[in-house]
Amino acid sequence: MGAVSTELRDMLAVLKVEPGDCGPDTGLEEAGLDSLALAELSLLLAERGVQVGQDELAATATLPALDQLIASRLPAR
Amino acid sequence: MNGPASVNGPASVIGPAAVICGLGAALPDRRVRNEEICAGLGVDADWIRSRTGICSRARAAAEVTTGDLAVQAGRRALASSGNGQVDAVVLATITPDHRCPATAPAVAARLGLPGVPAFDLAAACTGFLYGLQLAAGLITLGAAARVLVIAADRIWSLTDPGDRVTAPLFGDAAAACVVRAGQAAEPGALGPVVLAADGRDGSAIVAPHGGFLTMRGPQTFQHAVTRMSQAAHQAVQAAGWELTGVDRFVPHQANARITAAVGRRLGLDDQRVLHHIEHVGNTSAASIPLTLSHAWATGRLRAGHRVLMAAFGAGLTWGAATVVWPDLTPVGDHPGDGHPGDGCFNDDCFNDDHSRDD
């Protein structure tokens with residue numbers, strides 16, 4: 001339960017954010033994602049051709065929801 | 001992606017190159033640690049450190065002006081250069097002593113340089129690089145053989161002490177370089193300078209007349225990371241360098257999270273990225289030369305190092321430049337190398353090795 005996707009975990013590693021164990025309610029701040037980390041995550045996503053603003057990332061509120069949002073936008077592999 | 005407005009330097013000009021030959025820095029004595037300001041911001045000291053990388057910042061006393069800091073740094077840069085004469089004084093500041101006149105003429109007069117052209121330049125945190133490019137232009141034109149470029153901001157005067165976005169960031173400081181006419185191939189010769197500005201996003205960082213500076217944090221973060229990385233690439237390419245050949249990267253010390261992100265994007269390991277923000281905060285225009293001075297004092301910068309500088313600031317403005325560091329001895333205060341109250345460490349790491357000329 002609560003595993004973070006490989007895609008998100010790889011991007012968080014670039015940001016030097018280690019989310020640790022996460023549950024369905026794990027908040028973004030709790031996972032180490034403050035507003036600046038989300039701003040950089042938005043830049044990383046843009047490099048992958050995915051335009052998601054920092055505000056939109058922040059609105060997900062929880063790590064699983066963030067993961068889901070990103071997965072829905074990343075091109076299928 | 002918008003390109004830079006200007007890339008100029010030895011490759012495109014015929015006149016003499018601009019060579020850095022003196023460096024000086026000045027910091028107010030008072031240090032304000034996170035512990036002093038965190039309660040008023042409703043956060044704890046670690047919150048500030050984790051968001052900014054800052055543990056303390058210098059703050060000028062009420063009676064100390066930007067001009068005072070500029071004079072001190074300018075005098076030290078002139079001493080470092082071994083020659084008290086210059087043909088022009090450029091003062092990069094967004095906190096001038098008066099709305100009119102400019103601060104530079106009074107600074108020049110106090111430095112014993114009445115009569116030389118002296119003017120202020122407002123490019124916020126990119127001000128030092130704009131100043132270097134102006135100095136290089138004067139030298140290349142033959143209008144000056146030696147130019148004093150001072151970057152000084154009493155930035156706390158624009159800071160709302162209750163704003164948790166900006167209040168933890170800023171510190172007062174000044175630093176200065178002497179630039180002289182020379183050869184493009186000699187150490188200290190400034191490489192091509194990349195400068196740019198884009199006022200369309202200017203509202204990200206604004207201080208209205210009579211008001212405090214406000215900043216949209218995440219938006220500023222993204223612009224700073226993107227623009228500094230872009231300018232750094234362009235400056236390195238224009239110089240004919242490779243990023244792998246850069247020995248020291250000196251980003252404007254905006255926020256440690258920004259400098260780390262830029263370093264990552266450029267593929268520069270931490271050993272090559274110079275940091276100074278922990279001790280002095282974001283010192284606006286002064287931050288690059290102050291960081292150079294500090295790095296020299298701590299042995300992290302040596303003659304012969306290939307140095308890449310990049311800055312970003314209000315405007316928006318940004319830029320980058322390269323230089324092979326010359327054999328010179330900076331004169332100035334070097335926090336983190338002995339000032340009580342600096343940094344996040346205990347007093348047992350301090351020594352008495354203050355380097356002061358007055």
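Two residues are in contact here if their C-beta atoms, placed from the backbone, lie within 7 Å. Keep that in mind for the close-ups below, which come from a predicted model.

**View 1. Helix H2 of chain A and the helices around it.** Let's start with helix H2 of chain A, which covers residues 35–47. H2(A) has 13 residues and reaches 19 Å from its first C-alpha to its last, close to the 18 Å expected at 1.5 Å a residue. Which of its residues are buried? They are A:Leu36, A:Ala37, A:Leu38, A:Ala39, A:Glu40, A:Leu41 and A:Ser42. Within chain A, these buried residues pack against helix H1 (6–14) and helix H3 (54–59). They also pack against helices of chain B, namely H2 (45–52), H6 and H7. After H2(A) comes A:Gly49, and its phi is positive, near 85°.

**View 2. Chain A as a whole.** Read along the sequence, that gives the pattern α-α-α-α. The radius of gyration of chain A is 11 Å, close to the 11 Å that the globule rule gives for 77 residues, so chain A is as compact as a globular protein of that length. Its C-alpha trace spans about 30 × 25 × 20 Å along the principal axes. Of the 77 residues in chain A, 29% are buried. Now take the contacts in chain A with a separation of 6 or more: 50% of them come from residues 24 or more positions apart.

**View 3. Where chain A touches chain B.** How many residues does each chain bring to the contact? Chain B brings 10 residues, and chain A brings 10 residues too. On the chain B side, the elements that give two or more residues are helix H6 (217–239) and helix H7 (256–266). H6(B) gives the most to that side, with six residues. Sorted by class, the chain B side has four nonpolar, three polar and three charged residues.

**View 4. The open sheet of chain B and its edges.** Here six strands line up in the order E6-E5-E7-E8-E2-E15 (chain B), forming an open sheet with mixed pairing. Strand E6 (118–121) and strand E15 (331–332) of chain B are the edge strands, each pairing on one side only. Helix H5 of chain B, residues 127–141, packs on this sheet. H5(B) touches E2, strand E5 (88–92), E6, strand E7 (146–153) and strand E8 (173–182) of chain B, and its direction makes about 165° with that of E7(B). Look for B:Ala25, which stands opposite B:Gly332 in E15(B).

View 5. Why can we call E8(B) largely enclosed by the rest of the structure? Because 10 of the 10 residues of E8(B) are buried. A residue counts as buried if 20 or more other C-beta atoms lie within 10 Å of its own. E2(B) and E8(B) run antiparallel and are joined by nine bridges. One pair to find is B:Gly22 with its bridge partner B:Val178 in E8(B). E7(B) pairs with E8(B) as well, in the antiparallel sense, over eight bridges. There, B:Ala152 stands opposite B:Ala174 in E8(B). As a reminder, strands of a sheet pair through backbone hydrogen bonds, either parallel or antiparallel.

How values were computed
Residues numbered from 1 in each chain as written. Chains lettered and ligands numbered in written order. Predicted model: local features only at pLDDT ≥ 70, side-chain atom pairs only at ≥ 80, totals over all residues. Helix = DSSP H or I, 4+ residues; strand = E, 2+ residues; numbered from the N terminus. Rg over C-alpha atoms; globule rule 2.2 N^0.38 Å. Buried ≥ 20, exposed ≤ 12 C-beta atoms within 10 Å, placed from the backbone. Nonpolar A, V, L, I, M, F, W, Y, C, P; charged D, E, K, R; others polar. Pairing = 2+ DSSP bridges. Axes fitted to C-alpha atoms, helices over the stretch in contact; angles between N-to-C directions. Expected span 1.5 Å × (residues − 1).
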